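The sequence and the structure are shown first, and the description follows.

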There are 2 protein chains.
Amino acid sequence: MKFSTQLEPAKIHTSETLQNERKKANFSLSEMDVFINGQDRIDNREKALKIIRAEPEIFDQRDTYYMSRTEKLEKGYKQEKRLVELLREGKLTSDEVPHLSNILDWPTPFDLTRGMFIPTLQQQCNEEQVEAFLKPALDYRIIGCYAQTEVGHGSNIRGLETTATYAEDTDEFIVNSPTLTSTKWWIGTLGVSATHAVVMAQLIVKGEHIGLYPIIVQIRSMDDHKPLPGVSVGDIGPKMGYNSIDNGYLNFNNIRVPRFNLLQKYISVAKGGVVSKMKNIDPRVTYGTMVYVRANISRNMGHQLAKGVTIAVRYTSVRRQFGEPNQPETPVLDYPIVQYRVLPLLAKTYAMLGMSHEFFAQYQQSQDLIAKGDFSKLKEMHAISCGLKRWTSTACIYGVDTCRHVCGGHGFSQFSGLNDFFANIYPNIIYEGDNFVLAKQTASYLVKSAFALVTGAPVELNDTTNTIKKYINTPAVLSEAELFSWTGKSAAQIAASEKLLLDLLGFRFVSMNHNLGVKINRKGQSWDDSSIESQGVATAHSEYIIALYFSRHIAKLRESSSIKNILRVLFTVSALSFLTSNSAELYSFNKAAAMTKSQIVGLDDELIKYIKLVRHQAVPLVDALHVPDEKLNSSLGRYDGNVYEDYIQRALDEPVNRDGSGDEIRKRFYEKYIGPVLHSTENSKL
Amino acid sequence: MKFSTQLEPAKIHTSETLQNERKKANFSLSEMDVFINGQDRIDNREKALKIIRAEPEIFDQRDTYYMSRTEKLEKGYKQEKRLVELLREGKLTSDEVPHLSNILDWPTPFDLTRGMFIPTLQQQCNEEQVEAFLKPALDYRIIGCYAQTEVGHGSNIRGLETTATYAEDTDEFIVNSPTLTSTKWWIGTLGVSATHAVVMAQLIVKGEHIGLYPIIVQIRSMDDHKPLPGVSVGDIGPKMGYNSIDNGYLNFNNIRVPRFNLLQKYISVAKGGVVSKMKNIDPRVTYGTMVYVRANISRNMGHQLAKGVTIAVRYTSVRRQFGEPNQPETPVLDYPIVQYRVLPLLAKTYAMLGMSHEFFAQYQQSQDLIAKGDFSKLKEMHAISCGLKRWTSTACIYGVDTCRHVCGGHGFSQFSGLNDFFANIYPNIIYEGDNFVLAKQTASYLVKSAFALVTGAPVELNDTTNTIKKYINTPAVLSEAELFSWTGKSAAQIAASEKLLLDLLGFRFVSMNHNLGVKINRKGQSWDDSSIESQGVATAHSEYIIALYFSRHIAKLRESSSIKNILRVLFTVSALSFLTSNSAELYSFNKAAAMTKSQIVGLDDELIKYIKLVRHQAVPLVDALHVPDEKLNSSLGRYDGNVYEDYIQRALDEPVNRDGSGDEIRKRFYEKYIGPVLHSTENSKL
């Protein structure tokens with residue numbers, strides 16, 4: 001189906017407007033790329049783009065918006081097969097796969113054999129198991145999944161019902177799903193793909209419950225891929241997002257598994273049922289892994305928000321609406337209400353990506369210390385990682401939602417690039433610790449640390465505890481003027497000072513944490529009843545850490561750097577946006593620390609002032625994030641600005657419109673439904 | 001595909017837990033149904049359910065979660081055809097169709113011929129046009145759409161580019177799309193269905209631009225439904241939601257339309273090009289229509305949030321997680337952090353539906369006055385309707401999102417009922433005035449009214465202006481103690497008093513509006529620069545009105561009514577939730593009115609206390625809303641509580657799992673992709 005005419009474009013072409021915006025850049029985009037993404041990531045991005053662009057028939061994602069669930073799965077398999085070929089041919093390494101996935105920007109069916117099955121084997125196989133399971137898994141000769149969650153049981157892993165019972169007669173384990181609710185559920189790569197599963201099961205030997213352990217179960221035949229006897233396995237069906245991967249269910253009817261298959265790094269059961277527990281994993285090592293996983297989520301949330309703001313900033317720069325008579329309409333990004341919603345998101349994107357560099361550096365320091373047996377940095381890292389996973393995922397998901405909203409009606413089209421995208425990133429607020437539950441982890445560390453500092457118990461000093469200690473100030477080290485540095489300063493002075501902003505962010509979390517600590521330690525309030533206040537405390541702490549880490553990453557730049565000025569503006573917008581998001585927190589400071597009403601209200605005005613400074617650099621700033629068109633997959637956010645041409649072309653490609661197959665569909669709709677309605681000869685009582 | 005075993009249910013069955021919750025009801029559910037839904041709506045709901053249940057092959061929505069876009073459209077057409085048959089057979093009336101749609105709960109392809117095409121014809125046809133267009137449209141002999149929005153032009157209708165130029169030579173109009181951006185876009189019922197369109201076009205006669213007027217254009221042949229020459233028409237492709245309706249695009253290459261087709265109620269062009277403008281529509285009548293449309297959206301948002309909270313409350317009541325050792329796990333609704341997120345939404349649902357009765361009563365009063373030529377109530381009605389459309393749609397969409405989040409991982413499954421649902425209600429925040437733009441309409445009325453009251457200009461008195469006038473208090477009528485009734489009261493006293501809560505909500509909007517007015521009237525701040533503060537002012541005003549109207553609807557009950565107590569609790573939770581959502585607003589009261597820190601912080605604690613009172617009635621309260629299972633279409637929210645059985649059954653019905661067709665799909669995936677990966681004989685460099 002084609003447009004009947006060669007239509008003129010609008011008077012100021014969207015691509016021309018975008019080019020004009022680009023001319024305003026007052027910093028080096030390539031320097032910014034290195035600062036924000038890092039050279040490694042840039043190199044990997046460019047290599048991945050080459051592979052993707054070389055094989056559009058496999059890796060072009062443009063057609064995905066038209067696809068049914070089954071078609072999405074099939075496209076995912078096609079991509080997986082090609083990835084494995086490229087790996088086997090040595091044209092791609094395992095480390096590079098995530099960079100390719102990052103651009104394709106949807107989950108693919110083998111993600112969990114890579115992301116969970118293999119890492120579990122790497123951690124928990126003994127030497128024979130490495131040969132039997134890990135090596136073939138690394139070569140995709142077996143495909144695995146990690147089966148923990150059950151349909152009736154999520155976070156509380158003690159409640160899992162699946163059992164692995166040692167059967168002395170045949171020297172095997174009997175793996176069983178005793179109830180409906182014990183069915184394994186949500187397991188990625190299981191629904192259609194996996195040949196094997198690591199199954200988390202309650203281990204029972206000689207009637208004794210030993211604990212929850214992982215056991216490898218082959219679930220499908222290596223000959224024809226059919227489920228083995230006693231195994232019920234399938235796909236859990238359509239989801240909000242993630243429809244290109246086969247999350248599955250798994251149910252065992254007393255199936256027998258060789259004793260060898262129990263992962264034996266930390267436990268073994270000898271023939272006859274003698275259980276030997278090796279020294280268990282040091283839970284502190286597990287904590288280290290969780291920090292790493294959550295640090296990765298936090299960084300990824302920055303990269304995903306970068307995609308959202310790239311689309312929103314480019315489109316609102318070229319979309320015009322209202323304005324002066326006899327003038328071209330005004331770009332909607334010139335309206336304060338649009339700026340106010342999208343530009344702080346741009347600043348936060350920079351803050352999230354900037355702070356991630358410092359976060360990984362801190363994490364690495366803590367790992368280096370752990371290698372020397374020193375776990376002193378771990379607790380704060382864990383508390384920070386819980387807080388940042390929570391904060392960044394909420395900021396990203398609802399940030400992308402705001403990006404969609406500022407795009408107006410066209411944001412609702414799949415061709416905006418913001419809808420399947422929103423759906424695919426959404427579960428980040430749920431997995432690796434639900435965001436509302438994670439707040440407790442952070443708040444608990446803060447309350448305990450403050451209590452220890454007040455009572456003189458030993459405390460490891462770090463960014464968090466040093467800040468708390470500063471304000472406890474016992475014995476008095478600092479004067480009130482030093483402690484409450486904002487006293488007597490105007491809102492403009494506060495906004496202009498990195499130190500004052502950090503001081504306020506620091507005191508805010510200390511003050512809120514103090515209030516919570518009083519309720520818990522003095523009034524005996526339970527943690528369950530503290531869960532609501534914990535949200536605010538965790539948020540305030542995360543925002544302090546983000547601002548602190550971001551400022552440190554900026555401080556690494558040489559003074560003459562072209563990107564330093566705009567980064568400072570982005571820092572200020574982020575910090576002001578944190579402080580003003582719930583100003584009641586500022587009003588509730590104690591008397592010595594009190595902010596005046598005019599200071600507090602003034603910060604709102606300062607935020608708007610600094611946002612206007614970002615406006616003129618907005619397009620260069622999203623360009624500098626270097627999110628490629630392949631990842632954007634968006635008519636509205638295209639680099640070249642040919643918004644409406646591409647948008648219309650994508651509509652013309654809609655299956656119902658297509659020549660041939662679309663004609664058939666429309667003919668069917670007309671003959672079966674529309675025609676009979678129009679031409680019915682029935683006597684109508686209408 | 002079947003489970004291999006007959007599995008036992010979990011120890012306390014979810015349906016048993018739900019039954020136990022129901023036993024706690026301390027009010028009459030049927031009395032509540034009448035109070036909230038009204039007898040008319042109940043009757044219509046029951047009739048619609050009968051029709052739906054009689055023909056599951058057409059009206060059962062269970063299979064929609066597995067469908068591709070084209071399959072959804074086809075199902076929509078099947079339903080439309082049956083609806084028209086039922087209408088023609090006299091088994092259904094046009095007025096009843098919306099009640100059926102409300103339960104099916106997705107848009108269907110003829111929605112806009114009913115919702116926009118016919119109403120426009122009813123308003124703007126002359127007598128001959130009634131015969132030619134309206135009557136066949138009412139009988140579905142022609143199917144129409146309303147083509148206003150263009151791909152490059154939305155809210156600013158003056159910017160629309162489509163032209164209708166009078167051609168004297170043939171006595172016709174030439175309708176043309178001069179540019180790419182003038183292509184009509186988003187038009188519902190256009191993509192595949194419509195035979196005719198009302199096209200909003202810039203009317204040009206003898207070189208003179210007359211204005212924007214509607215003209216009827218036939219776009220498809222009545223014989224074979226093919227697009228007529230010069231008409232490019234098609235579907236705009238996949239969207240976030242709304243995939244069961246054919247939003248379309250439309251482009252004209254200088255097509256000729258009879259002069260007769262210009263809708264002639266307000267303008268006519270005589271042969272030769274003499275333009276006669278009838279008295280234009282009184283813009284105040286248009287305002288009245290907008291009030292009605294927005295009042296309907298507001299009420300509908302209440303009904304949609306009712307669906308969300310029904311699912312969330314039922315599921316969190318039966319989902320268990322963690323708890324005491326050797327006890328069944330604890331229902332997650334027993335955790336404060338879950339209560340805090342979902343139970344205020346339940347209260348707000350009641351507030352939204354309760355206040356709607358009063359809102360429609362007020363609207364009817366204003367219409368009765370207008371019929372007598374008295375427009376005095378209209379301005380406030382318009383300001384309220386803008387505010388309530390904005391407030392209720394935001395509350396509903398993000399409320400449903402919260403409902404999804406409290407359902408945990410299973411909320412992400414389509415079978416939760418919360419995902420296609422969220423997508424379909426989402427555009428309510430954009431259409432009929434984007435929510436961020438609408439705030440200005442309300443704030444503008446408030447600022448102007450306050451200015452008039454202060455300067456002594458004439459003002460129509462109503463709920464809004466009376467409240468402003470009270471606090472202007474010039475000449476002094478009330479003492480400070482009467483004005484600021486909360487002074488000296490504890491948070492508990494405030495929470496326990498409907499009057500004090502309403503006083504606070506009233507003063508809050510007056511105070512915020514005063515601050516905005518000072519900036520605009522004294523400091524000359526522009527409305528564009530006031531757009532951010534306008535959001536808060538509009539929200540505060542809407543929350544006052546909702547609480548006021550809700551309290552009035554409750555006041556209609558007799559004192560002995562069984563539902564009065566729980567409704568008062570719901571009123572209190574709503575009001576406290578409004579007041580505490582941004583406590584900084586309370587801190588910023590002027591000195592005479594000031595609240596103390598302990599009052600403000602105390603309200604947070606009161607809210608939590610009152611939420612706990614709702615907990616025990618939560619399941620009866622959602623039952624009383626009477627959202628039928630057919631509308632919920634949710635495993636998690638089913639009335640009978642058979643959550644996991646239904647959830648697993650729906651997974652087994654996933655196309656990839658099905659016997660036969662599913663086997664084929666899996667075989668293809670295995671033979672083409674998975675098998676070659678597992679069994680490749682290539683030399684691997686991995």
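## Peptide bonds and backbone

Pro475(A) sits in the loop between α14 (463–472) and α15 (480–483) of chain A; helices (H or I, at least four residues) and strands (E, at least two) are DSSP runs, numbered from the N terminus. A cis peptide bond links Thr474(A) to Pro475(A), with omega about -5°. In chain B, a cis peptide bond likewise joins Thr474(B) and Pro475(B), where omega is about -5°, and Pro475(B) is placed in the loop between α14 (463–472) and α15 (480–483) of chain B. Most residues other than glycine have a negative phi, and most peptide bonds are trans. Trp186(A), although not a glycine, has a positive phi of about 75°; this residue belongs to strand β4 (residues 184–187) of chain A.

## Basis of the model

The model is predicted: local features need pLDDT of at least 70, side-chain atom pairs count only at pLDDT 80 or more, and totals for chains, interfaces and linings use all residues. Residues are numbered from 1 along each chain as its sequence is written, chains are lettered from A and ligands numbered from 1 in the order in which they are written, and side-chain values use heavy atoms, with hydrogens and water left out.

## Relation of the two chains

Two copies of a chain are related by a rotation about an axis and a shift along it. The same surface serves both copies, since 100% of the contact residues of chain B recur in chain A.

## The interface

Chain B and chain A each bring 143 residues to the contact, which is defined by heavy atoms within 4.5 Å. About 12300 Å² is buried between chain B and chain A, and carbon and sulfur atoms give 64% of this area. Buried area is the accessible area (1.4 Å probe) that two parts lose on being put together, summed over both. In chain B, the residues that lose the most area to chain A are Leu180(B), Phe412(B) and Leu686(B), together 7% of what that side buries.

Between chain B and chain A there are 10 salt bridges, each a side-chain nitrogen of Lys or Arg within 4 Å of a carboxyl oxygen of Asp or Glu. One of them pairs Arg69(A) with Glu654(B), whose closest N and O atoms are 3.4 Å apart. On the side of chain B that touches chain A, helix α25 (residues 661–679) of chain B gives the most, with 12 residues.

## A salt bridge within chain A

Over all chains, a search of the whole structure finds 104 salt bridges. In one of these, Arg82(A) pairs with Glu55(A), the closest N and O atoms being 2.8 Å apart. Arg82(A) lies in helix α5 (residues 69–88) of chain A and Glu55(A) in the loop between α3 (39–54) and α4 (56–59) of chain A, so the pair ties together parts that are 27 residues apart in sequence.

## Annotated regions

An unreviewed UniProt entry lists Thr149(A) and Gly188(A) under "binding site". They span 40 residues in sequence, yet no two of their C-alpha atoms are more than 10.7 Å apart, so they gather at one spot. Thr149(A) lies in the loop between β1 (144–147) and β2 (163–167) of chain A.

Conventions:
UniProt positions renumbered as here; feature names shortened; annotations may be inferred.
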